[in-house]
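Here is a brief report on one protein model and its ligand. Please look over the sequence and the structure before reading on.

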Amino acid sequence: MSINAVKGMNDILPAESGIWQELEQTAREVFQRYGFKEIRVPVVEKTELFCRSIGETTDIVEKEMYTFQDKGGHSLTLRPEGTAPVMRAFAQHKLHASDPINKLYYFGPMFRHERPQKGRYRQFHQIGAEVIGVDDPKIDAQVLAMLVHYFQEVGIDDVALQVNSLGCPECRPEYRKQLVDFIEERLEPLCEDCRRRYKTNPLRVLDCKVPACKEAMDGAPSILDHLCAGCDTHFATVRSHLQVLELDYTVNPRMVRGLDYYTKTTFELLTDRLGAQSAVAAGGRYDGLLKQIGGPDLTGIGFAMGVERLVLLKGDADARQQSPALFIAGLGDEGAGEAFRIMSLLQRRGFFVEMDYQGRSLKAQFRRADKLGAQRVLILGENELAQGVAPLRDMSDGNQQDIPLEDVVERLAAILGESP
Ligand code: ATP
Ligand code: MG
């Protein structure tokens, strides 16, 4: 019996990996312009880290984590998100000691035990960024500008930015109380989840996708009417910066995030092309998080994008594969041997070169070169080797030129180096 991958965990096959590389490379380039540096953290953390930071009553901690005991009896969890591990690393290595402002980004797999469907998997990948140590609303706007800039750069232009403020430990409790009161009066139509958790996590009720819950929550009090002076000013300033940067956005006072650590500014980039999986990127401020996990009392803001959702939005992944600059069609043992030697030397010089390894006919080798999209084909048969000259065909127009085999590597390198 053959063994398949675990449900909800995908292979990224060669036909697709080109687009993944492009998405990652563009992220590196764009983020670097905004002063971000990469951080790499483990895929597994102590379970406690996620319980304490994401929150015991969130969907992630309640039902989505891959938690297991290792052989030493420690409870470990495959990371469901990147912010908590990055903050754990930040605190552990005291990154603030060498620089009061840290801008970090990360790539990597995340794990959540959800029902797999298009755009929702059990192992998925995020590209994320975090800024630690800046309270100024300018950084909120910068982070959003960088995110929007990234989407422009990768050519996804039909996403919409929504922003909200979730207040802080000073103003949110009062809002929460009012929200709980509001919900209490209309418990009947709510779904089971919402009835169970409205007291422990009333904000999630606002975000529930069940139509009856949505309807019942019409007219619920808005967090934006309950912000304290500090949060109100912060949010207004973020918005005015967004205007200065000419970033289009809408304010959605009902947007809550699925993680407890968010404060003040929160945001999502939404698409209507992925059905229920409408969020492509999401994030916000998490001013108390570092301290909560035992680090310094520094504020933070960041986001994470779902790479699988980016790939779905980009489409036509195949077109992005690299093709060889040269295919060497060697005929007979001698031809194949010489093809092999020249190919290796050119590869070392930095060129993408391919050959056939099966001793096939010239026709079959041309078919292979064509399939690979090779730009040129060099033909090396018995005659060519005897005469010391080989034809080089340009596959785009069929034109052929003769290449002396003396110094052939130099000659080919010069020709390949000239092409775009
Ligand atoms: P959703 O509302 O779709 O469940 P979320 O609020 O749980 O998203 P976040 O925790 O904010 O998502 O993660 C940020 C991004 O990571 C999401 O916007 C999405 O693009 C991606 N993402 C989250 N969960 C998954 C998943 N199970 N499969 C694929 N991508 C995911
Ligand atoms: Mg989710």
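## Basis of the model

This is a predicted model, in which local features need pLDDT of at least 70, side-chain atom pairs count only at pLDDT 80 or more, and totals for chains, interfaces and linings use all residues. Residues are numbered from 1 along each chain as its sequence is written, chains are lettered from A and ligands numbered from 1 in the order in which they are written, and side-chain values use heavy atoms, with hydrogens and water left out.

## The ligand site

Ligand 1 is surrounded by 16 residues (a heavy atom within 4 Å of the ligand). The closest are Arg112, Glu114, Arg120, Tyr121 and Arg257. By type, the shell holds eight nonpolar, three polar and five charged residues. Here Ala, Val, Leu, Ile, Met, Phe, Trp, Tyr, Cys and Pro count as nonpolar, Asp, Glu, Lys and Arg as charged, and the others, Gly among them, as polar.

Arginine 120 places a polar side-chain atom 2.8 Å from an oxygen atom of ligand 1. For glutamine 126, the distance to a ligand oxygen is 3.0 Å. Arginine 309 also has a polar side-chain atom 3.0 Å from an oxygen atom of ligand 1. Alone, ligand 1 exposes 580 Å², and the protein buries 88% of that (Shrake-Rupley method, 1.4 Å probe). Strands S6 (123-132), S10 (279-285) and S11 (300-306) each give two or more residues to the shell. S10 gives the largest share, four residues. Strands are DSSP runs of E, at least two residues; helices are runs of H or I, at least four, and both are numbered from the N terminus.

## Helix packing

Helix H1 (residues 14-33) packs on helix H13 (residues 307-314) at about 110 degrees, with axes 10 Å apart. The two are therefore roughly perpendicular (65 to 115 degrees).

Helix H14 (residues 332-348) meets helix H17 (residues 408-418) at about 50 degrees, and their axes are also 10 Å apart. Axes are lines fitted to C-alpha atoms over the stretch in contact, and angles run from 0 to 180 degrees between N-to-C directions.

Key:
A polar contact is a pair of N or O atoms within 3.5 Å; within protein, one must be able to donate a hydrogen and the other to accept it, and residues adjacent in sequence count only if both atoms are side-chain atoms. Angles under 35 degrees count as roughly parallel, over 145 as roughly antiparallel, 65 to 115 as roughly perpendicular and the rest as oblique.
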